[in-house]
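Q: Could you walk me through this one while I have the coordinates open? I'd like to start with the helices and then move on from there.

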Amino acid sequence: MIEHYPTHGTTLLYNAFSGGIAVLDERVMDLLRRADRGETLTPAEWSELDPDLFDESVGVLVQSHEWEEAEFRRWHEESRSDAAELSSVISVTFACNLRCTYCCQEDVRGGGAMTESVGQATAEWHACRALELGSRQVSLAFVGGEPLLAQRRIEQVVVGLNDRLLSSSVSVRFSLITNGVFLTRELIEHWLPIGLVGAQVTLDGDESTHSLTRRSSRRGDDSFSTIYSNVVAASELIDVTIRGNYQDDTAHGFLPLIKKLASAGFRKGSRIRFVPALTTLGAPSDSASGSCTWGGSSPELMLLFSDEIRRAGFDPGDPIMLGPCGLHRKHTYAVDPGGNLYKCPGFLGHPEWTIGHVSRGLSSRYDEITSAAPMDACGSCAHRPHCGGGCVAAAWRKHGRPRGVTCELDYFERAKSHMIARKHALIDHEAGDKAVEQFPPPEACLAKVNRRSQ
């Protein structure tokens, strides 16, 4: 709720579950507050309320808090049980050609490549599981370490899966989560026929900041120019998402990167998202922002970057959407180079969290993990549809058992009014760059970014 917005005397309401937005005047707000307190409104007063407010898809007026909670739980159960898409994050190697300062796999990085026999079993398990569930699509995301250090294994898994599903109606597509050094046009053109659809590549600002955190394993080797050229060329062929992780000493490189990408011809409409670098999962405790939550990591800069990304004609995504992540969905998995199955890539390389193996199938641990209800720890928090408990895997690893969540309440409470205002503006304007014109860059944020560049 934002009072006196978009004009004085009006209130902007947003329902985090339905996604509905409504602008109400003071009289209507008074009637709604009275009804919410249990007061009885007269027929004449009820008639003053727009019938659209009773639309369940808007969610301004609902039958009761209990009814809406039951609807949320029903929706969550349906979405997490949906078997139409089987998705997996597959780590084909823990080796990497970069030594990123905040690497969340620092505790397992350095070796362990998938063998040919495990690659064959990985393809076989996914095909059998998809057919067992009646899935219509299998979506794979290959990660490392650096996945493109094991290109033959990626191709083996994808081709093997396609061959096994050839006589079925199940489609296969795959993407890459890569540092981009080896993401060449030649490789992309070679993999397009077998289902490559996209890649996520990290650029931590422009050439003045990227190498501060995305360090090459070879001393003095700056990877920025290679990665930058690769992502611009790749955007002509596949969907390329650029992710950047900023911290205090690199934030000044991100606005220049947006301008650089726009002038270089990076495909308009492509996703670019800049977020604070977090000290989470296996990252060194003194790395990144020093915080394991977004709320402790200068989240106000996310809005500044998001607005500038949209002004440049790119898609910054929805900064209010953090989850629920794949851990909550029953048919999302992760596979490590040894063939161990996990419920979430946050557990990769930690056998104590396995739920099976590609050569043997799922174990009873799968039922234990999928029957856990991490969001029960969130109570009735209104941010659950957008958060899902934050990085649940980080909390579980910390406790050593399926328990707790990584609460991001501070982030939502600090930023919610700004994010909801932008949602309303985007509804009212067809062009995203026009929508954010009413949000000039905050002077305080600009000052912080500019100071860091000096």
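**Salt bridges, sheets and helices**

A: In helix α14, K416 and E413 sit 3 residues apart, which is about one turn of the helix; bear in mind throughout that this is a predicted model.

Q: What do K416 and E413 form, and how far apart are the closest N and O atoms?

A: K416 and E413 form a salt bridge, and their closest N and O atoms are 3.3 Å apart.

Q: How many salt bridges does a search of the whole structure find?

A: The search finds 26 salt bridges over the whole structure. One of them pairs R267 with D239, with 2.6 Å between the closest N and O atoms. Because R267 lies in the loop between α9 and β11 while D239 belongs to strand β10, this pair ties together parts that are 28 residues apart in sequence.

Q: Which residue forms a salt bridge with D315?

A: That is R271, and the closest N and O atoms of the two are 3.0 Å apart. This pair links distant parts of the chain, since D315 is in the loop between α10 and β12 and R271 is in the loop between α9 and β11, 44 residues apart. Both are partly exposed, D315 with a relative accessible area of 26% and R271 with 36%.

Q: Switching to α9 itself, which residues are buried there?

A: In helix α9, residues 254–264, the buried ones are F254, L255, L257, I258 and L261. They cover an arc of only 160° around the axis, so they fall on the same side of α9.

Q: And what is on the other side of α9?

A: K259 and S263 are there, and they are exposed, which here requires over 50% relative accessible area. After α9 comes G265, which has a positive phi near 90°.

Q: Now the sheets: what is the order of the 10 strands in the open sheet?

A: The order is β11-β10-β8-β7-β6-β4-β12-β13-β14-β15, and the pairing is mixed. At the edges stand β11 (272–276) and β15 (361–362), each of which pairs on one side only. Within the sheet, strands β4 (residues 85–91) and β12 (residues 332–335) run parallel and are joined by 4 bridges, with S87 having T332 as its bridge partner in β12.

Q: Which strands does α5 touch?

A: Helix α5 (residues 151–164) packs on the sheet and touches β4, β6 and β7, its direction making about 175° with that of β6. Helix α10 (residues 300–311) lies across β10 and β11, running at about 170° to β11.

Q: What about the sheet of 3 strands, in which order do they come?

A: This open sheet has the order β1-β2-β3 with antiparallel pairing. Its edges are β1 (2–3) and β3 (21–25), each with a single partner strand, so one side of each has no neighbour in the sheet. Between β1 and β2 (residues 10–14) there are 2 bridges, and E3 stands opposite T11 in β2.

Q: Where does α14 pack?

A: Helix α14 (residues 409–428) packs on that sheet, touching β1, β2 and β3, and its direction makes about 95° with that of β2. Helix α1 (residues 26–36) also lies across β1, β2 and β3, running at about 105° to β3.

Methods
Residues are numbered from 1 along each chain as its sequence is written. This is a predicted model: local features need pLDDT of at least 70, side-chain atom pairs count only at pLDDT 80 or more; totals for chains, interfaces and linings use all residues. Side-chain values use heavy atoms; hydrogens and water are left out. Two strands pair if DSSP finds at least two bridges between them. Contact means heavy atoms within 4.5 Å. Axes are lines fitted to C-alpha atoms, for helices over the stretch in contact, and angles run from 0 to 180 degrees between N-to-C directions. Buried means under 20% relative accessible area, exposed over 50%, partly exposed in between (1.4 Å probe, protein chains only). The arc is that of the directions from the helix axis to the C-beta atoms. A salt bridge is a side-chain nitrogen of Lys or Arg within 4 Å of a carboxyl oxygen of Asp or Glu.
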